[in-house]
Amino acid sequence: MTTRDTGVRASLDNHRLPNPVPIGEYERCPVTDVLRRVSDKWTLLLITLLGRRPYRFNELHRAVEGISPRMLTRTLRTLESDGLVEREVFPTVPPSVEYRLTPLGVSLLEPLSALADWAVDHHAEIATTRRRPT
């Protein structure tokens, strides 16, 4: 198959995987690394929210039911260390902090939206298949 037939980008379509795939290669794969990061429990939701507008910490905490302040802090710090989110501290008393996506974080919104669209379009089919006896 070609990219023209499948719509798959050439970087995936033409990439040859060894058989079997060595675990070390899989662990070092940049795709594996990024997918692990964005697929954790809270990251995708926070990136989506921050893609709409900047948020202050307490606004984010109120916007995400069930996330603890500790987990919100950890997730934001991880996204900041990855360069996807930036944190701005305002010199108020007490200090206030605002989070926003960096240009790198903004560039992630389009591929995540494509994946979300695919998931919505195919969720019923996947759910039906899951219910079939094996």
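Visitor: Where is the place of Pro94?
Guide: Pro94 is in the loop between strand S2 (85–90) and strand S3 (96–101). Strands are DSSP runs of E with at least two residues, helices are runs of H or I with at least four, and both are numbered from the N terminus. This is a predicted model: local features need pLDDT of at least 70, side-chain atom pairs count only at pLDDT 80 or more, and totals for chains, interfaces and linings use all residues. Residues are numbered from 1 along each chain as its sequence is written, and side-chain values use heavy atoms, leaving out hydrogens and water.

Visitor: What kind of peptide bond joins Val93 and Pro94?
Guide: A cis bond, with omega about -10 degrees. The bond from Asn19 to Pro20 is also cis, with omega near 0 degrees. Pro20 is in the loop between helix H2 (10–13) and helix H3 (23–28).

Visitor: What makes H5 roughly perpendicular to H7?
Guide: The axes of H5 and helix H7 (residues 69–81) come within 10 Å and cross at roughly 70 degrees. That angle makes the pair roughly perpendicular (65 to 115 degrees; under 35 is roughly parallel, over 145 roughly antiparallel, the rest oblique).

Visitor: Which residues in H5 and H7 meet?
Guide: Thr43, Leu46, Ile47 and Leu50 in H5 meet Leu72, Thr75, Leu76 and Leu79 in H7. Meeting means contact, with heavy atoms within 4.5 Å. This contact holds six nonpolar residues, two polar and no charged.

Visitor: How do H5 and H8 cross: left-handed or right-handed?
Guide: Left-handed. In such a crossing the near helix is turned anticlockwise from the far one by less than a right angle. Leu44, Ile47 and Gly51 in H5 meet Leu108, Leu109 and Leu112 in H8.

Visitor: How do you know that Arg53 lies over the face of Tyr55?
Guide: Arg53 is at 3.9 Å from the ring centre. The rule asks for NZ of Lys or CZ of Arg within 6 Å of the centre and within 35 degrees of the ring normal. So Arg53 counts as lying over the face of Tyr55.

Conventions
Axes are lines fitted to C-alpha atoms, for helices over the stretch in contact, and angles run from 0 to 180 degrees between N-to-C directions. Ala, Val, Leu, Ile, Met, Phe, Trp, Tyr, Cys and Pro count as nonpolar, Asp, Glu, Lys and Arg as charged, and the others, Gly among them, as polar.
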